[in-house]
Amino acid sequence: MFERVEYYPGDPILGLKEKFVADTNPNKVNLGVGVYYDEAGKLPVLECVKTAEQRIADPISPRPYLPMEGLPGHRKACQELLFGKDSKVLQEKRVATIASVGGSGALKIGAEFINEWYPDSKAYVSDPTWGNHISIFEYSNVPVAKYPYYDKSTNSVKFDEMVAFFKTLNKNDVLILHPCCHNPTGIDLTQDQWDTVLEVIKQHELIPFMDIAYQGFGEDMESDVYAIRKAVDMGLPLFVSNSFSKNLSLYGERVGGLSVVCPTAELADRVFGQLQFTVRRTYSNPPSHGGHIVDIVMNDDALYKQWVGEVYAMRDRIKAMRLKLKSVLEAKIPDRNFDYLTTQNGMFSFTGLTPEQVERLAKEFGIYMVSNSRMCVAGLNSSNIDYVANAMAEVLKD
């Protein structure tokens, strides 16, 4: 019966963890999976989350199904974080928002919506991008291609080439964009560059789909959503998927959201209904626990303030690790420029290593990163950074 079922080789990023666990090197370091670890190398539980957990548990209450769209407080949190608490677009009720099963679930529901209502549209992702962008849209029957983005020779964005490419696309083609902390390169557009890109999108009637999984890890809560709010100000139709996995350290709870900005409240209501319908035929309704945590933390002024402070502490630790790595590498290889390590944003960095050098790091030093040289900077700490930097210098010099 199952003879035609093909073998699944595994996810290349998640597979790194298995290799890491099997490695017997006492100094081994996992810089592959995109998870924030604290200075002790542990996955943190935020203090604001602990408070929310206590409220949920006292008293322990029944666990009914949530509405298809999720908790109202969860959805409100997504909207206010992305668009601003007092934004005109929210006052006009022009945003259809659902709670989702993580950022991946938001992308999936958005991709299904696009396939249903824009069947001739093609989706374009940055070259490179997070691999699941491609898988999710392709398996929702939305054709996917790549647009120019990363310039390996300069460790920067191929901006002119990217803009020229956008001008060749068809009306209603979809652009998957990273508003901040580009995954996997860590290289973001400037605000001026965003202005140019969004103007091209408007002129050519393209559909921006912004995926933001790291709000607060780049510059700050407001700056990181500049592209989103600018697109709204320009009157663009807009899809936004967001995740609380990283900035609330709620990876396993799978909490995110999908928001669709529409021209009118009436159209937003129609879109909202179709999103509900898609959820119903996909997973019926979102999980409860993580949604309650988001609701409690984001809608309590004191807890929200505490949360922002905790996110900025994580952001600052990542920036400190970038600076330390740069300084050690510069000392070891003084004729090479490592400025890109500190100009990149967020949890990830394209290190510039070749696949062969990445493989050597794993075999000789027990240091694991993705073969395309993507490193999770949050895996570094004061105990391992000198070891990692010296190993990187060793393979770069040969």
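At what angle do the axes of H2 and helix H12 (residues 301–332) cross, and within what distance do they come? The legends below take this pair first. The model is predicted: local features need pLDDT of at least 70, side-chain atom pairs count only at pLDDT 80 or more, and totals for chains, interfaces and linings use all residues. Residues are numbered from 1 along each chain as its sequence is written, and side-chain values use heavy atoms, with hydrogens and water left out.

**View 1. Helix H2 against helix H12.** The two axes cross at roughly 145° and come within 8 Å. Axes are lines fitted to C-alpha atoms, for helices over the stretch in contact, and angles run from 0 to 180 degrees between N-to-C directions. Helices (H or I, at least four residues) and strands (E, at least two) are DSSP runs, numbered from the N terminus. H2 contributes Glu47, Cys48, Thr51 and Arg55 to the contact; H12 contributes Leu303, Gln306, Trp307 and Glu310. Contact means heavy atoms within 4.5 Å. By class, the H2 contact with H12 has 3 nonpolar, 2 polar and 3 charged residues. Ala, Val, Leu, Ile, Met, Phe, Trp, Tyr, Cys and Pro count as nonpolar; Asp, Glu, Lys and Arg count as charged; the others, Gly among them, count as polar.

**View 2. Helix H2 against helix H11.** The axes of H2 and H11 (residues 289–298) come within 9 Å and cross at roughly 115°. The two helices are therefore roughly perpendicular. The crossing of H2 and H11 is right-handed. Right-handed means that the near helix is turned clockwise from the far one by less than a right angle; anticlockwise is left-handed. From H2, Cys48, Val49, Ala52, Glu53, Arg55 and Ile56 meet His289, His292, Ile293, Ile296 and Val297 of H11. This contact of H2 with H11 has 7 nonpolar, 2 polar and 2 charged residues.

View 3. Of the 10 residues of H11, 7 are buried, so the helix is largely enclosed by the rest of the structure. Buried means under 20% relative accessible area, exposed over 50%, and partly exposed in between (1.4 Å probe, protein chains only). The buried residues are Gly290, Gly291, Ile293, Val294, Ile296, Val297 and Met298. They pack against H2, H3, strand E10 (255–261) and H12.

**View 4. Valine 49 in helix H2.** Valine 49 sits in H2 and counts as buried, at 3% relative accessibility. Valine 297 is 248 residues away along the chain, yet the two C-alpha atoms are separated by 7.0 Å. Neighbours within four places in sequence aside, valine 49 is in contact with Leu248, Leu250 and Ile293.

**View 5. The loop between helices H2 and H3.** This loop joins H2 (47–57) and H3 (72–83) and holds leucine 66. Leucine 66 is buried, at 10% relative accessible area. Its C-alpha lies 6.5 Å from that of serine 288, 222 residues apart in sequence. Beyond neighbours within four places, leucine 66 is in contact with Leu71, Asn285, Pro286, Pro287, Ser288 and His292. Proline 59 is in the loop too. A cis peptide bond, omega about -5°, joins aspartate 58 to proline 59.

**View 6. Helix H5 against helix H6.** H5 (residues 102–117) and H6 (residues 131–138) pack at an angle of about 40°, axes 9 Å apart. That makes H5 oblique to H6. Their crossing is right-handed. Ser104, Leu107, Lys108, Ala111 and Ile114 of H5 meet Asn132, His133, Ile136 and Phe137 of H6. The H5 contact with H6 has 5 nonpolar, 3 polar and 1 charged residues.

**View 7. The buried face of helix H7.** In H7 (residues 159–166), Phe159, Met162, Val163 and Phe166 are buried. Seen down the axis of H7, they fall within an arc of 95°, so they line one face of the helix. The arc is that of the directions from the helix axis to the C-beta atoms. The buried residues of H7 pack against strands E4 (144–148), E6 (156–157) and E7 (174–177), and against helix H8 (191–203).

**View 8. Backbone exceptions in loops.** Most residues other than glycine have a negative phi, and most peptide bonds are trans. Serine 249 has a positive phi of about 50°. Serine 249 lies in the loop between strand E9 (238–243) and E10, and is buried at 13% relative accessible area. Serine 373 has a positive phi of about 85°. Serine 373 lies between strands E12 (367–368) and E13 (374–376), buried at 2% relative accessibility. The bond from asparagine 183 to proline 184 is cis, omega near 25°; proline 184 is in the loop between E7 and H8.

Conventions:
Angles under 35 degrees count as roughly parallel, over 145 as roughly antiparallel, 65 to 115 as roughly perpendicular and the rest as oblique.
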